[in-house]
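Visitor: I'm new to this one, so please take me through it slowly. I'd like a close look at one part, and then whatever else you can show me.

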Amino acid sequence: MTKTYEVRTYGCQMNVHDSERLSGLLETAGYTAATDQTPDLVVFNTCAVRENADNKLYGNLGHIASVKEKNPGMQIAVGGCLAQKDRDTITKKAPYVDVVFGTHNIGSLPVLLERARIAEESQVEILESLEMFPSTLPTKRDSVFAAWVSISVGCNNTCTFCIVPSLRGKEKDRRPGEILAEIEALVADGVVEVTLLGQNVNSYGVEFGDKLAFGKLLRACGQIEGLERLRFTSPHPKDFTDDVIAAMAETPTVMPQLHMPLQSGSDRVLKAMRRSYRQEKYLGIIDRVREAMPHAAITTDIIVGFPGETEEDFLETIDVVRRARFTGAYTFQYSQRPGTPAADLPDQLPKAVVQERYERLVHVVNEVAWDEAKKQQGQVVELLVADHEGKKDDAMHRLSGRARDNRLVHFAPGDHPVRPGDMVEVRITYAAPHHLVSDDEPISYRRTPAGDAWESRQGKTQVLSVGLGMPTLGAPAPLPPAPACAI
């Protein structure tokens, strides 16, 4: 009888991407994704960025323990950054966990599960460093028209608030030929949009000594026939060069969109965070991007309440938000994470102060984003049609898609037989802070190979085992659900 599984993912894009690998590994090993039934295996792919990550994990483990007690033979596995950090405590706090594995040995999961079943005891395996690029693992592809492509893993930055580099390891770069070969294979399989993924994409090339490698890679990707949209996440301001800006502007395939983490607008706080740029440099990058691409949509990450942050520091962040004119921002209250330098800094702020500043920041971010969104009213935009991105699409008889600048647009398809992966042009009739709406019938509709691929694979699951050092494939999230780990 076929065993079923469920993967629960927490945290950043890296974890989303790793969960695609985990799903592919399990399906290659004979498992199928659970639907309505209780799964035979639950995998928690954890994150260690946020303060409540530990509590969330153990709360969820406590809940699933009662389910396991009623279902003999059920297995539980814990992986990801929190597993890497808490390797010695997970099975002590939750002895019913069958497998604990780290960020560097995802591929060991099926073997560890079998060992745990035969030995009838927990199996813990944590590697300290990456022994092979995790690109050769089989992958379950949920999207046929958009894909992640990893260009590096790990991070060389030492931000005082972030624990991830110590868990993910130093940066490891893939060779350009491997990346391009993977993208060509994806396009041949119907993919029209690719997002290059790394914890600091614009430091790509550091391992083989080419500081201009990322700009060259963008240009090379732009030469791939059939690739219509290219994005990347996330860069770091300290490594962002004018050569990359030029490559973005000169390569039509690269979309006019940039996610550039700010974290704080105060030079004093940036220094305490060990972020090796200052407000002037950051705003200078934004100005040069907009000079080269006037209609680029720029989003960011911001942390409020860092230890020692004063009201004056906070107001400097508010000022940068207004000057940078972000179209969106992921805002976070500082989380005190044991094991990070910032956790031991004096002047940890009271929760009430952090909460009040956070609420003010969110208000300004939404105000600026809405002002920027209103500029889109009356504009004609091209959309790559998504697969159920709008929660109210069915009720409103709409579909959703992403504009070239990555804005989410809900639109009325009219009589067009629009499919996910197809392209439509629509005129924007309404703007909200976080989405746009087109209530008019599409101006144009273009069927694409991606739409054909989506249509042909309805009700099917494809698991690929790829070579050439290729990482996993899958639909990229439009923006990170958490800060991009160490960025």
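Visitor: Where is Cys159 placed?

Guide: Cys159 lies in the loop between β9 and α6. Before going on, note that this is a predicted model, where local features need pLDDT of at least 70 and side-chain atom pairs count only at pLDDT 80 or more, while totals for chains, interfaces and linings use all residues. Residues are numbered from 1 along each chain as its sequence is written, and side-chain values use heavy atoms, with hydrogens and water left out.

Back to the loop: Cys155 is there too, between β9 (152-153) and α6 (164-168) (helices are DSSP runs of H or I with at least four residues, strands runs of E with at least two, numbered from the N terminus). Cys155 counts as buried because its relative accessibility is 2% (buried means under 20% relative accessible area, with a 1.4 Å probe and protein chains only). Cys159 is buried as well, at 5%. An unreviewed UniProt entry puts a "binding site" at Cys155, Cys159 and Cys162, though such annotations may be inferred rather than shown by experiment.

Now for a pair of helices. The axes of α9 (residues 242-250) and α11 (residues 279-292) come within 9 Å and cross at roughly 25° (axes are lines fitted to C-alpha atoms over the stretch in contact, with angles from 0 to 180 degrees between N-to-C directions). That makes α9 roughly parallel to α11, a label for angles under 35 degrees. From α9, the contact uses Asp242, Ile245 and Ala249, and from α11, Ile285, Arg288, Val289 and Ala292 (contact means heavy atoms within 4.5 Å).

Terms used
Angles under 35 degrees count as roughly parallel, over 145 as roughly antiparallel, 65 to 115 as roughly perpendicular and the rest as oblique. Buried means under 20% relative accessible area, exposed over 50%, partly exposed in between (1.4 Å probe, protein chains only).
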